[in-house]
Each structure stands twice: as structure tokens, then as C-alpha cells.
Amino acid sequence: MDPKHYYDQFSAGYENERHHGYHALVDELEARLAADYGQGLRVLEAGCGTGMILKEVAKSARRAIGVDLSSGMLGRAHRRGLTVVQSSVTALPFADASFDVVCSFKVLAHVPQIRAAVAEAARVTVPGGVMLLEFYNPHSLRYLAKRLTRPGRIAESIDESAVYTRFDSAADIRGYLPDDVTLVGFRGIRVVSPGAFLYRVPVVANAFAHAERWATHSPLSRFGGFLVAVMRKAV
């Protein structure tokens, strides 16, 4: 399925489960990471969706802009008062060296032209700037859960199998880097949680949320289902 059509269909119910439990925790950890790096700086979120992360980043950034392929997703971001542009992450509509920080969450795993997307992120990053690019990790509990369960439904007649999805190891990610970009390290999101169902029980949810917040910056971060590569562009 055409990815734009997929995400336009997804946009209607995208936020139904995102304001509590497991999904809210994942968004919190991603937003905190981007905000920590982007405080007082110019930040681009490549694939901003409805703007749930971008709105948090915008609170402390000097300037925060999002791009997304889906007009349906961007409609919600516009209603949040965010600055967003409709565009593909493989052809960003910005000049070279426009941003101090470029981040992307839950997007690049669905982009077949991954090297082009990483190269575009690097192109619009200033020399010395930071890229926070998230990939789906095959060495994780999330990967195992995805292999053992049916694809989730995103609309009445569409499920997750309708969109291209790729899982990348740390070695794969290193192979995508342009020559002027250095991998600084990794941060892991959803490291110890075997499934979202655990977050329906308050006591269990609190325990796992505490563990996930710790694990993001721990030696276990390499096993995050969402693996964020922290990269720096050469000066």
C-alpha cells in the first residue's frame, strides 16, 4: 500500500491509545530525549505525525518544525498550533545546515530508501549538529512479540502488514551513515517490556515504567525495541 494512503487512514484513530499506558510512556521517553538535545536550538522532526512529540519539543526549542508525508496526520498537528510541512523524509524542503538537531521516531523503519533518508537528515543538520534517528531493533523483546502476534489493526480494513517495515541491527545502522556523520551511541526505548498489555494493571505499569526510564540510558539500551542512534555531523 502507498505509505501516504496508509498513514492518512491511520490518522483518524492514531491517538486513540496514545494518551495513557504503554504508548504514552514510549512517547514520553522519545520526547524527553529530543527535548534534552534540542533545548534552545533549531529542531526538525522528520515524520512528526500528529505532533505529539513535536509539541513537547517545541516547549523548550528555539524553533521546532515537523514534516510528514500524511495530510491526515498533519491536520492534527496544525490544530495543535505547530509549524509543520507536508514532505517526504527522503526529500526535505529545507536548505543545507538549517537545523541544530534532527530527530525521527517510528518512521525510518517504514522508509525503503533508508540511506537517502539518513543522508537528507545529515544534509539539513549544521556541522557539529546532532541527529537522533530511531530504528526498529531485531535484537529486542518487541521484535519477538511482533513475530509471535498478528499485525495490529490501524483502520477498519487495514492492519500493520500493509506498510513496509524493516528491522535494523546496530551494524546495519552504522552502514547507513554518510561519511561526515559519526555514531556517538545508542538509546533504547521499550527495553524490558514484553508487551503493552502489562500497562493495563496500575501497579505493574508503574514498575515497568520505572524500569524503562532507567533502561533508556543503561547498558541494556542496545536491546530497546526502538533503538535511537545518536549521531553527530562533522564540523
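## A buried lysine in a loop

K106 is buried, with a relative accessible area of 16%, a value that falls under the 20% limit used for buried residues. In this predicted model, K106 lies in the loop between β4 and α5, and its phi is positive, at about 60°, although K106 is not a glycine. Most residues other than glycine have a negative phi.

A97 also has a positive phi without being a glycine, with a value of about 55°. A97 is found in the loop between β3 and β4, and its relative accessible area of 32% makes it partly exposed.

## The open sheet

How many strands form the open sheet, and in what order do they stand? There are seven strands, arranged in the order β3-β2-β1-β4-β5-β9-β8, and their pairing is mixed. The edge strands, each of which pairs on one side only, are β3, covering residues 83-86, and β8, covering residues 181-189. On average, neighbouring strands of this sheet are turned by 20° against each other when direction is ignored.

Strands of a sheet pair through backbone hydrogen bonds, and they may do so in a parallel or an antiparallel way. Strand β2, which spans residues 63-68, is joined to β3 by four bridges, and these two strands run parallel. Within this pair, I65 stands opposite T83 of β3.

## Helices against the strands

Helix α4, made of residues 71-79, lies across β2 and β3, and it runs at about 165° to β3.

Helix α5 comprises residues 114-123, and its buried residues are I114, A117, V118, E120, A121 and A122. Which strands do the buried residues of α5 pack against? They pack against β4 (99-104), β5 (125-136), β8 and β9 (226-233). In an α-helix there are 3.6 residues a turn, so residues three or four places apart point the same way.

## A nonpolar patch on the surface

On the surface, L141, L144 and L148 form a nonpolar patch, and together these residues have about 300 Å² of accessible area. One of them, L144, is found in helix α6, which runs over residues 141-148. L144 is partly exposed because its relative accessible area of 46% lies between the limits of 20% for buried and 50% for exposed residues.

Notes
Residues are numbered from 1 along each chain as its sequence is written. This is a predicted model: local features need pLDDT of at least 70, side-chain atom pairs count only at pLDDT 80 or more; totals for chains, interfaces and linings use all residues. Side-chain values use heavy atoms; hydrogens and water are left out. Two strands pair if DSSP finds at least two bridges between them. Axes are lines fitted to C-alpha atoms, for helices over the stretch in contact, and angles run from 0 to 180 degrees between N-to-C directions. Contact means heavy atoms within 4.5 Å. Patches are made of residues with over 30% relative accessible area and no salt bridge: like charges are joined within 9 Å, nonpolar side chains (Val, Leu, Ile, Met, Phe, Trp, Tyr) within 5 Å. Accessible areas come from the Shrake-Rupley method with a 1.4 Å probe; for residues, only the protein chains shown count as cover. A salt bridge is a side-chain nitrogen of Lys or Arg within 4 Å of a carboxyl oxygen of Asp or Glu. Buried means under 20% relative accessible area, exposed over 50%, partly exposed in between (1.4 Å probe, protein chains only).
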